[in-house]
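Welcome, and thanks for taking a look at this one with us. Please open the structure below and keep it in view as you read.

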Amino acid sequence: MQALSVWPSKGVFWAVPQLDYNLGSSSIPSRRRGRRKLWNPEDPVCQYRSLAFLWVSSSSRSDRVGVCCGSPKFDFGCGLFSGYSKLKILLLCERKRGSFGASFALAWALEQQAIGNEFVKEDSNSIHSLAGNTETVDIDCLKVDGARDGDENDNEEEKEAKKNGEVIEEKSRNVDVRALAHGLEFATTADDVEEVLKDKVELPLQVYSTMIRGFGTDKRLDAAMALVEWLKRKKETKGSKGPNLFVYNSLLGAVKQSEKFALVEKVMNDMAQEGILPNVVTYNTLMSIYLEQGRSVEALNILEEIQKNGLCPSPVSYSTALLVYRRMEDGHGALKFFIELREKYLKGEIGKDADEDWENEFVKLKNFTIRICYQVMRRWLVKEGNQSPILLKLLADMDNAGLQPGRAEYERLVWACTREEHYVVAKELYTRIRERHTEISLSVCNHIIWLMGKAKKWWAALEIYEDLLDKGPKPNNLSYELVVSHFNILLTAARKKGIWRWGVRLLNKMEDKGLKPGSREWNAVLVACSKAAETSAAVEIFRRMVEQGEKPTIISYGALLSALEKGKLYDEASRVWEHMVKMGVEPNLYAYTIMASICVGQGKLQRVDSILREMETLGIDATVVTYNAIISGCARNGLSSAAFEWFHRMKVGKIQPNEITYEMLIEALAKDGKPRLAFELYSRAQNEGLNLSTKAYDAVVLSSQVHSATIDVSLLGPRPPEKKKKLLARKTLSAFCNLADVPRRAKPFDRKEIYSQQTEGNQ
């Protein structure tokens, strides 16, 4: 049998006979998707995937031959050769599935004189029509296991095979290499391998390296090691070819896939003993192994070792180094590494390898660096501690380097922002998306609104909502609910602090942005006006609430009654009470308490009795707050005797008085010229363990001096220390006021402040 030249190509191997042949024409009819197609034998190369058979025919009219085969399970190529009289075909191709991806070889060879070790390349114009007799075609089949597409070691072997022109010789015999590989799966020693392969044909080393990679995929490292030991023994005993660089690279890859990292040193030592120098593929595999082991520094040192040994790192080398930086969570290091790499590439120091398309590979490395930095930033966001400053610095450095993540990466980073300190990062990412991209996800905007509220940056959240209204996308119900909830927080703060102007402007802001305030929002502003004793503002807010179609609640009426009571507008308060009852709103304890104080202010003490009886009828028990309101009203109106009477009624009702009760009553009695009675109440409060204010102590002392009462002031004990008023921190109050553009110092109420510009325009 004449020798065949092996021509490796990507995913398929062509073997071209070195001999002349003379064959007739051939063609393959096939059916694909309902259409019948006849392959033209004059086409030099074709490829079909719908066929599962090979059909060869010949005729004496022409000197040509065509082969085409395929199957959904296999990737087959087909070629056209001419110029030989008797032929064997060798076609190696990959199976799409399986550990070894069983490959098939079909050989045509001519048993005549050889014409040399060169490839025969024919195009469609080189087909010659020659007369002759039909020759017999002998077909031998050799099944070879193929590796995966894109394997770096495969590419190296293909180049080496093309360079050396390796030859396969076999005479009319079928060798199923896949079956051999399965037979070696459980081999552990070279003797086990010898038992399986002793009577088999000698295969090229590329086949052995392919089997070794398959063993690595199946994590059968013992079989791979045994096969290499068998090759070494065979070299020593029979003088055959021993394991070469590609075999050892495949073995090193099998060690990595099997995660038996302890054997790495043994493999490298065996290579050194065999006199085989590592290549870039070897070093790349070592870097990957160190990466898997978490030996990041050693992995980066391998890159330097490649250059020291006079080799040029491949794109895989650089991408593996970037993976090392990702493992180290060093985004700045990855960015610096790429910048240095780019400088070398622009200077022409790298990228000289003609076998690599460095222009495309460099673009891939650039995109990969962006991806690495993005992944590192996500890791920073989920770690404990505030990583926001270093993340923002990395974003700025990436901008300076011309590396900008896409919108998808920015939005994923936003989703990773979940803690309060992340709001600065989320805001920066949001700004970048708005400035650099035409669209943004509504869900991302809602997430930022939520995060701003969590970080107490409510005004920033409102700005996001305003952008949704002005720039899109259109806000949905969740957007509305989030913003309204933030307004509620702000309005609640305004209510607690009595910053009524802030509350009014918040309501105006809501209406300007299409947000309809509910009773909760209106009530918050009404309570703020009541606390600030802004009676006119409370009346206008209540009126505006009704005009907007919002039904007042008992809280609304209670806040308005309180504001009117503080403004001493008792008649107006009575009319509000009557309107409340008419509207069917049932008074609560707070409303009854305010109304009792209003009746005291009007001097209608009998009406106070009727209110308490009405409360008792409805099952509402008067509390110390109710009696304090009545006693305070009496004290303010100079009715000390009535105040003292309600104090006794309070004791009869078994309601324990508190500091406010005693202080208000003592001050009323002292002002009314009853120092001895005030002294007795002060002593009683002390006996009950109550700590009265300095104001009550001074009132007793001053009254006894003015009215020349024979009271031993020393019995009162030492003057109590002045109670410090709980004041808002200046910084906090200023921040609250500046946030809503509200002046810190009070100024006269202006009715125009109640209405927004839009509302004023409609009036």
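This is a predicted model: local features need pLDDT of at least 70, side-chain atom pairs count only at pLDDT 80 or more; totals for chains, interfaces and linings use all residues.

The protein chain has 763 residues, and 50% of them count as buried. Its secondary structure comes to 32 helices and 13 strands.

**The chain as a whole**

- The protein chain exposes about 38100 Å², and carbon and sulfur atoms supply 49% of that area.
- Take the contacts between residues at least 6 apart in sequence: 68% of them join residues at least 24 apart.

**Salt bridges**

- Side chains of opposite charge can pair when their charged atoms come close.
- In this model the count comes to 30 salt bridges.
- One of them joins the side chains of Asp270 and Lys232, at 3.8 Å from N to O. Asp270 lies in helix α7 (residues 264–273) and Lys232 in helix α5 (residues 221–238), so this pair ties together parts that are 38 residues apart in sequence.
- Are these two partners buried or exposed? Asp270 is buried, because its relative accessible area of 10% falls under the 20% cut-off. Lys232 also counts as buried, at 12% relative accessibility.
- Asp270 and Lys232 belong to a network of salt bridges that also links Glu229 and Lys266.
- Arg436 forms a salt bridge with Asp399, and their closest N and O atoms are 3.1 Å apart. This pair links distant parts of the chain, with Arg436 in helix α15 (residues 423–436) and Asp399 in helix α13 (residues 388–400), 37 residues apart.
- Arg436 counts as partly exposed at 32% relative accessibility, and Asp399 counts as partly exposed at 23%.
- Glu511 forms a salt bridge with Arg544, where the closest N and O atoms are 2.7 Å apart. Here too the pair links distant parts of the chain: Glu511 sits in helix α19 (residues 500–512) and Arg544 in helix α21 (residues 535–547), 33 residues apart.
- Glu511 is buried, with a relative accessible area of 16%, and Arg544 is buried with a value of 0%.

**A positive patch on the surface**

- Which residues gather in a patch of positive charge on the surface? They are Arg326, Arg327, Arg371, Arg378 and Arg412.
- Helices α10 (315–327) and α12 (358–382) each supply at least two residues of this positive patch.
- Arg412 has its place in helix α14 (residues 407–416).
- With a relative accessible area of 38%, Arg412 is partly exposed.

**Around Leu291**

- Leu291 is found in helix α8 (residues 280–293).
- Its relative accessible area is 10%, so Leu291 counts as buried.
- What is Leu291 in contact with, leaving aside its neighbours within four places in sequence? Its contacts are Ala299, Leu323, Val324 and Arg327.
- Among these contacts, Arg327 is also a member of the positive patch.
- Leu291 and Met328 are 37 residues apart in sequence, and their C-alpha atoms are 9.8 Å apart in space.

Terms used
Residues are numbered from 1 along each chain as its sequence is written. Side-chain values use heavy atoms; hydrogens and water are left out. Patches are made of residues with over 30% relative accessible area and no salt bridge: like charges are joined within 9 Å, nonpolar side chains (Val, Leu, Ile, Met, Phe, Trp, Tyr) within 5 Å. Accessible areas come from the Shrake-Rupley method with a 1.4 Å probe; for residues, only the protein chains shown count as cover. A salt bridge is a side-chain nitrogen of Lys or Arg within 4 Å of a carboxyl oxygen of Asp or Glu. Lys and Arg count as positive and Asp and Glu as negative; His and the chain ends are not counted. The place of a charge is taken as NZ of Lys, CZ of Arg, CG of Asp or CD of Glu. Helices (H or I, at least four residues) and strands (E, at least two) are DSSP runs, numbered from the N terminus. Buried means under 20% relative accessible area, exposed over 50%, partly exposed in between (1.4 Å probe, protein chains only). Contact means heavy atoms within 4.5 Å.
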